[in-house]
Number of protein chains: 2
Amino acid sequence: MPKVSQEHLDARRRQILDGARRVFSRHGFEGATIAKLEEETGLSRGAIFNYFPTKWEIFYALAQEDQQRAGELWLDDGFSAVLRWVVEQEPEWIGVYLETHRMLRTNPELRARWEQRNPELDNRLRAKVEQQQRGGELRRDVDADTIGRFMGLIVDGLVLNVSAGAAYELEDLLKLVIGGIAPQ
Amino acid sequence: MPKVSQEHLDARRRQILDGARRVFSRHGFEGATIAKLEEETGLSRGAIFNYFPTKWEIFYALAQEDQQRAGELWLDDGFSAVLRWVVEQEPEWIGVYLETHRMLRTNPELRARWEQRNPELDNRLRAKVEQQQRGGELRRDVDADTIGRFMGLIVDGLVLNVSAGAAYELEDLLKLVIGGIAPQ
């Protein structure tokens, strides 16, 4: 059996994820057939399922990447940068998330894993919020997780609007979001 | 042709809407076939389409009713009451809204009508927000529409979470929402 470099494995994985993202956006989660994934990635189903045992695993990996990107934007450039990033996403791609919500609701195991898709990032974000609370930049009368949930709610609200094709003027809305989390 | 009383027409309309709501919740928008609507309402397709020319019109009427209920809760009992009402909704019913978002995005005429599904209520809500701004209960550095959009964003965020089966502890979150709209 020939030895395959890590670099090669990573490139192949990237090729699958990039192709799958296009297929999901274009056809939705249900509509993303194996044949379409093969066509768009240029790989056989055997090769694809060597990396990801199910279609769900491919989507899950893409959602992990999105979450990582949003979390790093928050850590590096602040929460406003996350919201700007959300409104720039393709509505078609965001629609795939909405499509998978029914699965999450009706499958507790899937849901539990979904909520834990990036615990290390969650810890870094919590530490940052707590640091800003100590520094007087964020209110201290609620815990860091509540602030995180509030931010998540704003992101989810935007997601829903973007998926329905709404245009968004963020600047004034940001004032209200900031008002909610500022020291009172 | 026999004369039909307004009372009879209203009762028949109610019968269709109640049955359709159950069918949509159970089978989704796409899955709500005419046969299922006939079975659940106990009426023929001819009778149903006499009141609503398309399946979309039935859903639209139900969404108008939801919006009316939420708006009146806001006017009578405050915004917190709206959020409590949202988290009590059946996830299956909320899922129908998510399913229709793709249609809204890809059909501008549908979308324009959707946004105007209750202009009279919108005016009453705007008047209430402006009155609370003048009375010093709400911040005045943004216009009433921005406050309305922020509230809508919070509702939409909750909607998305409820549809994914998330449980919600509202009390602490409400503090942040109120912080966002209070005079700064």
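How much area is buried between chain B and chain A, and what share do carbon and sulfur atoms give? The exercises below work through this and other points.

The structure is a predicted model, in which local features need pLDDT of at least 70 and side-chain atom pairs count only at pLDDT 80 or more, while totals for chains, interfaces and linings use all residues. Residues are numbered from 1 along each chain as its sequence is written, chains are lettered from A and ligands numbered from 1 in the order in which they are written, and side-chain values use heavy atoms, without hydrogens and water.

**Exercise 1. Describe the interface of chain B and chain A.**

Step 1. Buried area is the accessible area (1.4 Å probe) that two parts lose on being put together, summed over both. Between chain B and chain A about 3500 Å² is buried, and carbon and sulfur atoms give 63% of this area.

Step 2. Of the area that chain B buries against chain A, 21% comes from B:Arg105, B:Leu153 and B:Leu176, more than from any other three residues.

Step 3. Contact means heavy atoms within 4.5 Å. On this rule, 39 residues of chain B and 39 residues of chain A take part.

Step 4. A salt bridge is a side-chain nitrogen of Lys or Arg within 4 Å of a carboxyl oxygen of Asp or Glu. The interface has 2 salt bridges. A:Glu92 pairs with B:Arg105 in a salt bridge, with 3.9 Å between the closest N and O atoms.

**Exercise 2. State how α9(A) packs on α6(B).**

Step 1. Helices (H or I, at least four residues) and strands (E, at least two) are DSSP runs, numbered from the N terminus. Axes are lines fitted to C-alpha atoms, for helices over the stretch in contact, and angles run from 0 to 180 degrees between N-to-C directions. Helix α9 (residues 144-163) of chain A meets helix α6 (residues 91-106) of chain B at about 45 degrees, and the axes are 8 Å apart.

Step 2. Angles under 35 degrees count as roughly parallel, over 145 as roughly antiparallel, 65 to 115 as roughly perpendicular and the rest as oblique. Therefore α9(A) is oblique to α6(B).

Step 3. A:Leu160, A:Val162 and A:Ser163 of α9(A) make the contact with B:Leu98, B:His101 and B:Arg105 of α6(B).

**Exercise 3. Compare two helix pairs within chain A, which has 10 helices and 0 strands.**

Step 1. Helix α1 (residues 6-31) and helix α6 (residues 91-106) of chain A pack at about 45 degrees with axes 8 Å apart, so α1(A) and α6(A) are oblique.

Step 2. A crossing is left-handed if the near helix is turned anticlockwise from the far one by less than a right angle, and right-handed if clockwise. The crossing of α1(A) and α6(A) is left-handed. Residues in this contact include A:Phe24 and A:Phe29 of α1(A) and A:Trp93 and A:Met103 of α6(A).

Step 3. Helix α4 (residues 55-77) and helix α7 (residues 108-115) of chain A pack at about 25 degrees with axes 11 Å apart, so α4(A) is roughly parallel to α7(A). The crossing of α4(A) and α7(A) is right-handed.

**Exercise 4. Which parts of chain A does the pair A:Arg22 and A:Glu40 tie together?**

Step 1. The side chains of A:Arg22 and A:Glu40 form a salt bridge, 2.6 Å from N to O.

Step 2. A:Arg22 is in helix α1 and A:Glu40 in helix α2 (residues 34-41) of chain A, so the pair joins parts 18 residues apart in sequence.
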